[in-house]
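Have a look at the model first, then read on.

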Amino acid sequence: MAAACALSERGRGRTAPNPNVGCVIVNEGRVIGRGWTQPGGRPHAEAMALAQAGDTARGAAAYVTLEPCAHQSERGPACSDLLIAAGVARVVIALGDPDPRTSGAGAARLHAAGVEVTEGVGAAQARQAMAGFLTRRAKGRPHVTLKLATSLDGRIALASGESKWITGPEARAHAHLERARHEAILVGRGTWDADSPRLDVRLPGLEARAPEVLVLSSGGGIKTPGDIAGIAGDHLLVEGGAATAASFLRAGLVDRLLLYRAPILLGAGKAALGDIGLGQLADAHGRWMLTDARQLGSDRLEVYASA
């Protein structure tokens, strides 16, 4: 299932409104098929993996990050039917599908056809991999990641406004990879006017994955954080500046935090955040859970999920 979750990440930011599912098919201890949801949402992960497995799928076990769909579509058959027709003996499912057209029905159809069904395996990892789809279903908005690149003392620029570059090339490359995993990227009007940021993806082979650029402004574009429900796609990356970051935090709209910290001190520079609406210190605790930490050159990346 861990391999299926990793495969699902390949489709992140390109499958909406469909989920970015991953599928691995195993027969007698050997992987015979792998698949992930393709750009635009079709073919589905199960269809890709079954096509690769061919006749060897008979009697095999399929590991799927999301319950196989049960509804017919003009774009393709139901994956639960495809698995049954292929003769798969067992299907291991990480998460049930919140889509009412499938919810429970996919697993039930497999079981009724004599397929052994196991649910809940690797659920936490699958939930993280498909966070965009699940957030859209649960909250009616995209999954929001806030990116901050700061000095050790929490500054994003010198007092003069100079900010290029706080972090080194490895951290900036990772930030570009994150851009490629989001359908939209948002900055505040102040950052847009002051820095004229390109907000594209400058990694070899991923240039075409640049997200749609949005500007938070009272005079145009996205006027308030609450307007993000209408954004196409399931993943929104918020990159700056301090007032915009604070407004999203204050509204409780940040699901994931990317904190890049450079081993430098700036002193009387510009703070990373403005007022986020905390009334007392106790309110700041228990809000964030560390999910990943790594060294990127001389810089440190910490990833937090909203608790």
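Buried means under 20% relative accessible area, exposed means over 50%, and partly exposed is in between, using a 1.4 Å probe and protein chains only. This is a predicted model, where local features need pLDDT of at least 70, side-chain atom pairs count only at pLDDT 80 or more, and totals for chains, interfaces and linings use all residues. Residues are numbered from 1 along each chain as its sequence is written, and side-chain values use heavy atoms, with hydrogens and water left out.

**Cysteines**
- You'll find zero disulfides here, a disulfide being a pair of cysteine sulfur atoms within 2.5 Å.
- Cys5 is buried, at 1% relative accessible area, and its sulfur is too far for a bond because the closest cysteine sulfur, in Cys23, is 12 Å away.
- Cys23 is buried too, at 0% relative accessibility; for its sulfur the closest cysteine sulfur is in Cys79, and 8.4 Å is too far for a bond.

- Helices (H or I, at least four residues) and strands (E, at least two) are DSSP runs, numbered from the N terminus, and two strands pair if DSSP finds at least two bridges between them.
- Strand 1 covers residues 22–27, and five of its six residues are buried.
- Strand 2 (residues 30–36) pairs with strand 1 in the antiparallel sense, over six bridges, with Gly22 opposite Trp36.
- The hairpin of these two strands has two residues between them, and Glu28 takes a positive phi near 55° there.
- Strand 3 (residues 61–66) also pairs with strand 1 in the antiparallel sense, over four bridges; here Val26 stands opposite Ala61.
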